[in-house]
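Here is a short tour of one protein chain. Look at the structure first, then read on.

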Amino acid sequence: MQHQYARNQAPEMALPRPGTQGAGPGGHLSPNLQPRETPAPLTTSSSTSTSSSSSWSAQPTCKSDPGFWITVVTWNVGTAMPPDDVTSLLHLGSSDDSDRADMIAIGLQEVNSMINKRLKDALFTDQWSELFMDALGPFNFVLVSTVRMQGVILLLFAKYYHLPFLRDVQTDCTRTGLGGYWGNKGGVSVRLAAFGHMLCFLNCHLPAHMDKAEQRKDNFQTILSLQQFQGPGARGILDHDLVFWFGDLNFRIESYDLHFVKFAIDSEQLHQLWEKDQLNMAKNTWPILRGFQEGPLNFAPTFKFDVGTNKYDTSAKKRKPAWTDRILWKVKAPGGGPSPSGRESHRLQVTQHSYHSHMEYTVSDHKPVAAQFVLHFAFRDEVPLVRLDVADEWVRPEQAVVRYRIETVFARSSWDWIGLYRVGFRHCKDYVAYVWAKHEDVDGNIYQVTFSEESLPKGHGDFILGYYSHTHSILIGVTEPFQISLPTSELASSSTDSSVASSEDEDDSTLELLASKSRSPSPGKSKRHRSRSPGLARFPGLALQPSSCERRGTSRSPSPQSRRLPRVASNGDSDGGSRGNSEEGPPGLPGSWAFPPPVPQSLGLLPALRLETVDPGGGSSWGPDREAPAPDSLSPSPQGQQGLEEGGLGP
């Protein structure tokens, strides 16, 4: 059957919308701040551009369009461990908020970045990212991109069925601490084109203290000037159609003393503090802030609290409360002219639906802040680059055939692959099985691939197929959920035999890390509970060596690292039913499952590290001078992919 890409086709994904989309949050405002009374819809023209959008059809937005909902969260976590539950922070599981959101941006500051912690995070996904992926996965959110600069992290999620319409995902970071040499302060960003409109999310941690307002302005100017992106579209941050600027911006309340500030908070007269807020004052005097909008501060200052309580600072320092954690946005000014794609400028309407803090979280001396926005596009690019066609149900292995049609504007890569995902998958490499997109030409630009019987999951479940583009680093085609119902009798008998053999030789196995930017699909199978980043001492046979080249900090949409390291099967492992554990490996792969370990992300403080398998018998290991297997030799073996569930290696 031909799967459509309408968002409301699946019943569980219908997105109910409130009847008053233009209504802003309520609240009483100070008379001198009436121009900022409500986040009324801001209608401005914004140029739109993507590298290939000139060949797409522009679908005008109909009057009944529910809009595109974006949630933005900022939280200075103060090096704390993650809480057990973040559902209320992300508006999940309450009323229709979880169905309403289409995209969620999460900006964190002061994530623990001590050297030992960064070493673990280089090998495993950090615990905060794990927490949010675990919380959002069941609601059909997939990690689109993530970028980290020491303790500053930005995570961007979207509903999986929006992925084919997200393009040109890029990231950047700018250090401003210690004159630009230290990343404890600065900004990280993710930019992308959503339905043909250029969006940018900028998470900043600016200098602290009352007297550093000018330094905060200088740091913001530095971030805006240094962050540049590739491509013919929006190169600078302010060139985008819509910019979200958020984070621990560290602006304080001037003039008033501690007692008056606390009195205004306790008596709910927050409007008396607005006019002395440094950021509010700067909006009228700093040209760099021209055009930035913010909703009314109808919540108490979010800093500084005693950890574990809702009481403001009672230490000897007695810091004055302040609205340090903020979320602002800016729509590109009208008159931008036609975009590089040749289109005329179109209008983008943005409405802030809510803006508040979450007092229920006490692990940090800051309270998290969240805002919800609804975007109305004058047009939408809704033509996927790849359309997948699959049967409603696979009950026999021979039904595992996928046909797909490729648009003529799409430039294929030999590293493209098609992944099979369980409903609720967390990121693009969280697959159950995959096949390389080695095209069997069926008719013109229609191709097909086949999953082997060994690679298919046994039992019953709901799954999704997605076409992963190495060039775009994202799924550019997805199907609606379909069912797989395959017998499990053979799997049960064979897995029993293999588990005995694998447990006997487990201590003799070595480990190897596939970096997130590996062109081959990295191991996607991982347990659902959050990893607690086991120490290196638990893994014999690992050697940390300086890399021959250090990666730059400007990661281009890195994919998440698997929490659990893949395991190279030892010679004693049984092949029966333990998918991908045979001694000789899948066809087309070099002997003994030998792979060159790619270089993981730079730690910032140390030279880039890589994991290298060490041969106890004195044999050679993969090094920078050894030639990696050619792409053609990495023919995907389904049984090898299935071994990822138990720690096997992908190609």
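Predicted model: local features only at pLDDT ≥ 70, side-chain atom pairs only at ≥ 80, totals over all residues.

Both Phe68 and Phe195 are buried.

## Aromatic rings

A pair of aromatic rings is described by the distance of the centres and the angle of the planes. How many aromatic pairs does the structure hold? The count is 31.

Take Phe68 and Phe195. Their ring centres are 5.6 Å apart, and their planes stand at 70 degrees. Planes over 60 degrees apart count as edge-to-face, so this pair is edge-to-face. Where do the two residues sit? Phe68 belongs to strand β3, residues 68-76. Phe195 is in the loop between β8 and β9 (197-205). The pair therefore ties together parts that are 127 residues apart in sequence.

Phe195 also pairs with Phe165. Here the ring centres lie 5.3 Å apart and the planes are at 20 degrees, so the pair is stacked. Phe165 is found in the loop between β6 (152-159) and β7, while Phe195 is in the loop between β8 and β9. This pair links distant parts of the chain, 30 residues apart.

Are Phe165 and Phe195 buried or exposed? Phe165 has 5% relative accessibility, so it counts as buried. Phe195 has 2%, so it counts as buried too.

Some rings form a group. Trp415, Trp417, Tyr431, Tyr434, Trp436 and Tyr468 make up one aromatic cluster.

Charges can meet rings as well. Arg216 lies over the face of Phe251, at 5.2 Å from the ring centre. Lys367 places its charged end over the ring of Phe305, 4.8 Å from the centre of that ring.

## Salt bridges

Now turn to pairs of charged side chains. The structure holds 10 salt bridges.

| Salt bridge | N to O distance |
|---|---|
| Arg426 and Glu130 | 3.1 Å |
| Arg326 and Glu294 | 2.7 Å |
| Arg380 and Glu382 | 3.8 Å |

Begin with Arg426 and Glu130. Which parts of the chain do they link? Arg426 is in the loop between β18 (417-422) and β19 (433-436). Glu130 is in helix α3, residues 127-136. These are distant parts of the chain, 296 residues apart. Why does Arg426 count as buried? Its relative accessibility is 2%, and buried means under 20%. Glu130 is at 0%, so it counts as buried as well.

Next come Arg326 and Glu294, whose side chains form a salt bridge at 2.7 Å. Arg326 lies in strand β11 (residues 325-331), and Glu294 in the loop between α7 (278-285) and β11. The pair therefore ties together parts that are 32 residues apart in sequence. Both residues are buried.

In the bridge between Arg380 and Glu382, the closest N and O atoms are 3.8 Å apart. Arg380 is buried, with a relative accessible area of 7%. Glu382 has 34% relative accessibility, so it counts as partly exposed.

Bridges can also share partners. Such salt bridges join Asp277, Lys283, Glu294 and Arg326 into one network.

## A buried serine and a surface patch

Find strand β12, residues 346-357. Ser354 is in this strand. Its relative accessible area is 11%, so Ser354 is buried. What does Ser354 touch, not counting residues up to four places away in sequence? The answer is Ala370, Ala371 and Gln372.

Now go to the surface. Leu178, Tyr181 and Trp182 make a nonpolar patch of about 420 Å². Tyr181 sits in the loop between β7 (166-177) and β8 (182-194). Is Tyr181 buried or exposed? Its relative accessibility is 72%, so Tyr181 counts as exposed.

## The whole chain

The secondary structure comes to nine helices and 26 strands. The chain has 651 residues, and 57% of them count as buried.

Definitions and conventions: Residues numbered from 1 in each chain as written. Heavy atoms only, no water. Patch = residues over 30% accessible without salt bridge, like charges linked within 9 Å, V, L, I, M, F, W, Y side chains within 5 Å. Areas by Shrake-Rupley, 256 points an atom, 1.4 Å probe, with all protein chains shown as cover. Salt bridge = Lys/Arg side-chain N within 4 Å of Asp/Glu carboxyl O. Helix = DSSP H or I, 4+ residues; strand = E, 2+ residues; numbered from the N terminus. Buried < 20%, exposed > 50% of the residue type's maximum accessible area, 1.4 Å probe, protein only. Contact = heavy atoms within 4.5 Å. Phe/Tyr/Trp six-rings, centres within 6.5 Å; stacked < 30°, edge-to-face > 60°. Lys NZ or Arg CZ within 6 Å of the ring centre and 35° of its normal.
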